[in-house]
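Work through the exercises below with the sequence and the coordinates open. Each task is followed by a solution in steps.

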Amino acid sequence: MKNAGKSIVWMRVEMRSIREVKLASLPSLTTFFILVTWCFSISIRWDDFDQHTWVAGLAATYHVLWTVKALSASPLDAHWLLPTVTLAPEPGNPISWGLTVPTPQGSFIYTSFPPLGFLIPYVLDQVGEMTFKKLALFNSVLGLIAAIGTGLLARAVFQAHADRHDNLMEHRATGWIVYAAIASVYLFLRESLVSHGVVYWPHSLSQITLVAGAWITFRILRGQHSMADLVALCLVSFIYPSLEWTGFVFNVGLVIAFLFFPCLAGKSGRWAALVVVLASLAAGLVILAHFVMALGVQDTLSSFGTSALSRSALSHTAGKSSPPKLAVGYFVSFGALLPLGLLAFFQALRTGSLQANRPLAVLLFVTAFPIMENVIVMQHAAAFSFDRLKMALPLLLICVFAAKSLPRPGIAAVLAVYLVVSSNLQIFAHDKLYYADFRHVIFANSKLINNVREDPLFECSLLAASGSVRGYLNLSFGRDIFELSSVEDMISYVSRFDDEACGIVMIHMRDVLVRDFPRMGRVEIFDASGQLLRTYSRTTPGGQFS
């Protein structure tokens, strides 16, 4: 009997050891699964990475690439490392670009966003030339980092919601499965496939700071933080607004959370609030000083006001946006995750589980507070889907929390993951189908542009376009281009360039298919006096002499 008892004890110890070994391997296995999922997400977008088609918001990527090219090609004292859109600046430069503001040296500066989100691709360009595909791959790596961070935060939320009746080892194992599931779902959200793919804008980077800030906040709220967490919170509170204005809104939410819920954070909460306030002030002053050094106080403040007004509810384009349109936009970005997240939120409120878990309730408040920026600048959020990416975090977290209280959470979770991923892939496939014919326009535009660039007068001529000019046209021709111009306008400019300008290249746009993506009709070549020499059209391989 004694030997039998010892055998049973030994078997139990051995089984426990085996389970512990399996549990220890779960972090590696689940992370490997996420990497495989990420590779698959790239494979379904590879054709887009080759610049063969168009997607909503792609103009942002061309804008960044043009800014990187302009920063590299123009003198430092002309742009001060601010997001310039001028390739060849000179004092009194007349080649304007949207709402940009010129420096005294002639670089037109984009003031609608802080510079850091443009400078990081610029730094990478110094290592190796930044191309469309490289920027898309870099952006997809940012998506992987954001997905892993979101998954780890979801795991922490799941672990914190443990029931006293739960088997501790099984609960820890399930936590790693939650990590893999949430990270994978994040990767396959339609918004992630686009805004962590071919569409790069500072929001792609700022999503990582949002996740990091939420993670640190959760630790502070649960009393698990250290001095290192406060230092990290300071860095996040500085970097997030330096990438994107929403960072200031996020920081306001942090201060409210730390000050109005002192029972959760205690004295540390007040210190954390002070850290966030000081970091926010430092970020704001650095951004303001950076622009003022290049543009001066008056032009900087005026341009900030103009940019803010153009994107707010007070702009003349605000009527094109409305709460219903924004709500539809959220569904396009997240598919079934949007209604499931809302249902999970109301379910948690109804059962009282959210009120009972104060740290999580405050975490959801902190992660959802930046969405206020979408309401304030609704026109921008409705037009540019990357501005909606931040909503993925609170939606995923509330789903994880609510699933725990369901009668059969495992089955519900599997069904939810299937529904969310399939709906987002369907929306993404619909996007690709909608823009499928654009590849023919891109090909025709490229063929026409290549013919024009081979013209003997191209290099020494001034370039002008009949419509608005953004990064796509600039990059395609590799030149600064006068926008909204006519031949008559350009003749007067030719004399200003002395003998450097030998002619005029006039780009006529047939139409604009989507925002900032024109379908070119023809390109006319004029001599310096305005005499038409030849015309390049979409239907002819070479120039036609008039």
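The model is predicted.

**Exercise 1. Find the disulfide and describe its geometry and its place in the chain.**

Step 1. The structure holds one disulfide. Its two ends are Cys460 and Cys502, with an S to S distance of 1.7 Å, which falls within the 2.5 Å cut-off.

Step 2. The torsion about the S-S bond of Cys460 and Cys502 is about 75°, and therefore the disulfide is right-handed.

Step 3. The pair links distant parts of the chain, 42 residues apart. Cys460 sits in the loop between helix 22 (438–453) and strand 3 (461–465), while Cys502 sits in the loop between helix 24 (487–494) and strand 4 (503–514).

Step 4. Cys460 has 27% relative accessibility and so counts as partly exposed. Cys39, at 45% relative accessibility, also counts as partly exposed.

**Exercise 2. Trace the pairing of strand 5 with strand 4 and with strand 6.**

Step 1. Strand 4 and strand 5 run antiparallel and are paired over ten bridges. Met509 has Met520 of strand 5 as its bridge partner.

Step 2. Two residues lie between the strands in the hairpin of strand 4 and strand 5, where Asp516 has a positive phi near 65°.

Step 3. Strand 5 also pairs with strand 6 (residues 532–537), again in the antiparallel sense, over five bridges. Here Val523 stands opposite Tyr536 in strand 6.

Step 4. The hairpin of strand 5 and strand 6 has four residues between the strands, and Gly530 takes a positive phi near 95°.

Step 5. Strand 5 (residues 517–527) is mostly covered, with eight of its eleven residues buried.

**Exercise 3. Which residues have the most contacts inside the largest nonpolar core?**

Step 1. The largest nonpolar core has 137 residues, and those with the most contacts inside it are Trp54, Phe258, Val452, Leu473 and Phe477. Helix 6 (residues 132–160) gives the largest share of this core, 13 residues.

Step 2. Take Trp54 and leave aside its neighbours within four places in sequence: among its contacts are Tyr62, Tyr435, Phe438, Ile442 and Tyr472. Val514, Arg515, Asp516 and Phe517 are also in contact with Trp54, and Asp516 is the residue with positive phi in the hairpin of strand 4 and strand 5.

Step 3. A second, separate core has eleven residues, including Leu462, Phe482, Ile504 and Met506.

**Exercise 4. Describe how helix 10 packs against helix 11.**

Step 1. Helix 10 (residues 227–243) and helix 11 (residues 246–260) have axes 6 Å apart, at an angle of about 145°. The crossing is left-handed.

Step 2. On the helix 10 side the contact is made by Leu233, Ser237, Tyr240 and Pro241. Helix 11 contributes residues including Phe248, Phe250, Leu254 and Phe258. Phe258 is also among the residues with the most contacts inside the largest nonpolar core.

**Exercise 5. Is Pro202 buried or exposed, and what is it in contact with?**

Step 1. Pro202 lies in helix 9 (residues 202–221). Its relative accessibility is 0%, so Pro202 counts as buried.

Step 2. Apart from neighbours within four places in sequence, Pro202 is in contact with Gly117, Phe118 and Leu243.

Step 3. Ser242 is 40 residues from Pro202 along the chain, and their C-alpha atoms are separated by 9.5 Å.

Notes:
Residues are numbered from 1 along each chain as its sequence is written. This is a predicted model: local features need pLDDT of at least 70, side-chain atom pairs count only at pLDDT 80 or more; totals for chains, interfaces and linings use all residues. Side-chain values use heavy atoms; hydrogens and water are left out. Buried means under 20% relative accessible area, exposed over 50%, partly exposed in between (1.4 Å probe, protein chains only). Two strands pair if DSSP finds at least two bridges between them. A nonpolar core is a set of buried Ala, Val, Leu, Ile, Met, Phe, Trp, Tyr and Cys residues joined through side-chain atoms within 4.5 Å. Contact means heavy atoms within 4.5 Å. Axes are lines fitted to C-alpha atoms, for helices over the stretch in contact, and angles run from 0 to 180 degrees between N-to-C directions. A crossing is left-handed if the near helix is turned anticlockwise from the far one by less than a right angle, and right-handed if clockwise.
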